Amino acid sequence: MDYQNRAGANKGGGGVAGSSETAVDRRERLRRLALETIDLAKDPYILRTHLGTLECRLCLTLHVNEGSYLAHTQGKKHQTNLARRAAKDNFEHALSIKPAAAPQQVKKKTFVKIGRPGYKVVKIRDPVNQRLGLLITIPYPEIKAGERPRRRFMSAFEQKREVPNRAFQYLVIAAEPYETIAFQIPAKEMVDEDEDAEATWEHWDADEKVYSCQFLFK
């Protein structure tokens, strides 16, 4: 049998590599190249989680080690998202350099912080549909005249105090001159106030100077 002229191989050699083997080899070569040329300390999209894994904040993907992350950065998905992000940044930059009217000078409010307020948190359950939620009450006896507490919900990736955990979100409540406080709550979808005004609400008692808010999880 003529082994010498057989297509794709010599006698004793392996067959022609398939598409899957070629793809694996290509990813490995890209990973080795990235390890030599990319400085992870300067990568704005890498996030090290408390579990030791790596997350790409641009593509929202998880990776078990640096090699896996670097191989991902050379892939089509990451490169496409980089191009989209660059186009978006260029567009926003072009808008920002357009001449605009001089902004009106607004006098900045200054307060001397007087510490954290006391608070009370009660777990509640809707007796009709058994949905769980929280009722938070905070007295602000020394709040500035004319001010009222403000609240907002913040994702785990917005705050800078703790390692981000996608299982939680934060309820942030501010009232001058008190320090801003935040409550860590499950990152679950909540009942909208327009959907059920009795399930989710907030109230400021200006006479007693007590702020209350309630929300239920779906």
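The model is predicted, with local features needing pLDDT of at least 70 and side-chain atom pairs counted only at pLDDT 80 or more, while totals for chains, interfaces and linings use all residues. Residues are numbered from 1 along each chain as its sequence is written, and side-chain values use heavy atoms, without hydrogens and water.

Of its 18 residues, I138, Y140, L171, I173 and F215 touch the most other members. I noted a second, separate core of nine residues that includes L54, C56, Y69 and L70.

Next I listed aromatic pairs (ring centres of Phe, Tyr or the six-membered ring of Trp within 6.5 Å; planes under 30 degrees apart are stacked, over 60 edge-to-face, the rest tilted). The count is four. I recorded Y140 and Y178 as edge-to-face, at 5.1 Å centre to centre and 65 degrees between the planes. Y140 lies in the loop between β5 and β6 (150-155), and Y178 in the loop between β7 and β8, 38 residues apart; strands are DSSP runs of E, at least two residues, numbered from the N terminus. Y140 is buried at 0% relative accessible area, and Y178 at 6%; buried means under 20%, exposed over 50%, partly exposed in between (1.4 Å probe, protein chains only).

Finally, I noted that ring pairs link F153, F215 and F217 into a cluster.

Definitions and conventions
Core = buried A, V, L, I, M, F, W, Y, C linked by side-chain atoms within 4.5 Å. Helix = DSSP H or I, 4+ residues; strand = E, 2+ residues; numbered from the N terminus.
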